[in-house]
Amino acid sequence: MGTSGTFGGSKNGLVPSWVGEPPSQPAAAPADGGNGVADGQGDGGQDDGNVPPANPTKYPPIPPVSPSSGLGPARGDVTRGTRTSDSRAIRRGAGKYVGASGGGRAASNRMSNSRAVAGGIAGFARTFAEQGPAEALRRFNLEGMAGAPAEDVFVAMTDMLCPEGGTLDEAIARDAMLETVAAMATEGVGNFDELTAADLQEFFIGVVSRSIEGKILNEVGTNALSVASDIAGVERAQKMLHDFVNGCVRDRFDERGADLGNLDSADINGFVDDLFSAAFDLIQALGERE
């Protein structure tokens, strides 16, 4: 994980910026106001703007995974896959991680920050589709960025939804946003005002995928960084994991036939929670087949 310094991400290439950090304390919500509530228990009371509050509340502590939970085998597979560039071992390790976490819903519940950020992006996409880019920017107090390059707007959104200097779990969500910004910038997305609904959907899917990928790497992949023969080996392993996770997220998103622009404000939290859970369930199911 981690992007180039241009976007404010990790300065260590693809090596996660949070490797070696101590476990995080309870994460602060990047946004309430309808964009995400801890453990997926939103009450549907968000406003149409989906704007982060000035004083975000605190989420409950993320429950630790017990030493006997079975993460050892998951770590072993991811480490083996990194050392030998074995994509099947990477997928097995990801699947075992979900199983050891208690299944898709439980794994999703451990990602309250990332779900809140994804909810904020979904709300932003909804406002963009319904009321246009100018109103979407205004809702995030970014009206001065009208006509700016899309990647600059997304970086500004990142700073609002998950500011730099937060907990480890907030850093995972931040890295997921910045990596997705970098990927879109490489493809050339143009100015923000020229974005389409499909562009915002890709941004949403990219952030969800990289958040899950980052969580798996943080829980069971850090040992793998030390066994790879070189940085290219780490990059290959991360690409294998990313492709696997991204495919699962995209499959579950497409299965729902959703259009972010058409989601009701009260449905955003539930949609995001269900997507994370379903993607984790598919990761477990496919990983167990390997």
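A crossing of two helices is called left-handed if the near helix is turned anticlockwise from the far one by less than a right angle, and right-handed if it is turned clockwise. The exercises below concern a predicted model, in which local features need pLDDT of at least 70 and side-chain atom pairs count only at pLDDT 80 or more, while totals for chains, interfaces and linings use all residues. Residues are numbered from 1 along each chain as its sequence is written, and side-chain values use heavy atoms, with hydrogens and water left out.

**Exercise 1. Describe the overall make-up of the protein: how many helices and strands has it, and what share of its residues is buried?**

Step 1. Helices (H or I, at least four residues) and strands (E, at least two) are taken as DSSP runs numbered from the N terminus; on this basis the protein has 11 helices and 0 strands.

Step 2. Buried residues, meaning those under 20% relative accessible area with a 1.4 Å probe and protein chains only, make up 53% of the 290 residues.

Step 3. A contact means heavy atoms within 4.5 Å; of the contacts with a separation of 6 or more, 75% are accounted for by residues 24 or more positions apart.

**Exercise 2. Characterise the packing of α2 against α11: at what angle do they pack, and what is the handedness of the crossing?**

Step 1. Two packed helices are described by the angle between their axes and the distance between the axes. Axes are lines fitted to C-alpha atoms, for helices over the stretch in contact, and angles run from 0 to 180 degrees between N-to-C directions.

Step 2. Helix α2 (residues 87-101) packs on helix α11 (residues 268-288) at an angle of about 125 degrees, with the axes 7 Å apart. That makes α2 oblique to α11, since angles under 35 degrees count as roughly parallel, over 145 as roughly antiparallel, 65 to 115 as roughly perpendicular and the rest as oblique.

Step 3. The crossing of α2 and α11 is left-handed. On the α2 side the contact is made by R91, R92, A94, G95, Y97, V98 and G99, and on the α11 side by F280, I283, Q284 and G287.

Step 4. These contact residues of α2 and α11 divide into 5 nonpolar, 4 polar and 2 charged, where Ala, Val, Leu, Ile, Met, Phe, Trp, Tyr, Cys and Pro count as nonpolar, Asp, Glu, Lys and Arg as charged, and the others, Gly among them, as polar.

**Exercise 3. Examine T158: is it buried or exposed?**

Step 1. T158 has its place in helix α6 (residues 150-161) and is buried, with a relative accessible area of 0%.

Step 2. A polar atom of the T158 side chain lies 2.8 Å from the backbone oxygen of F154.

Step 3. Not counting residues up to four places away in sequence, T158 touches P163, R174, M177 and L178.

Definitions and conventions
Buried means under 20% relative accessible area, exposed over 50%, partly exposed in between (1.4 Å probe, protein chains only). A polar contact is a pair of N or O atoms within 3.5 Å; within protein, one must be able to donate a hydrogen and the other to accept it, and residues adjacent in sequence count only if both atoms are side-chain atoms.
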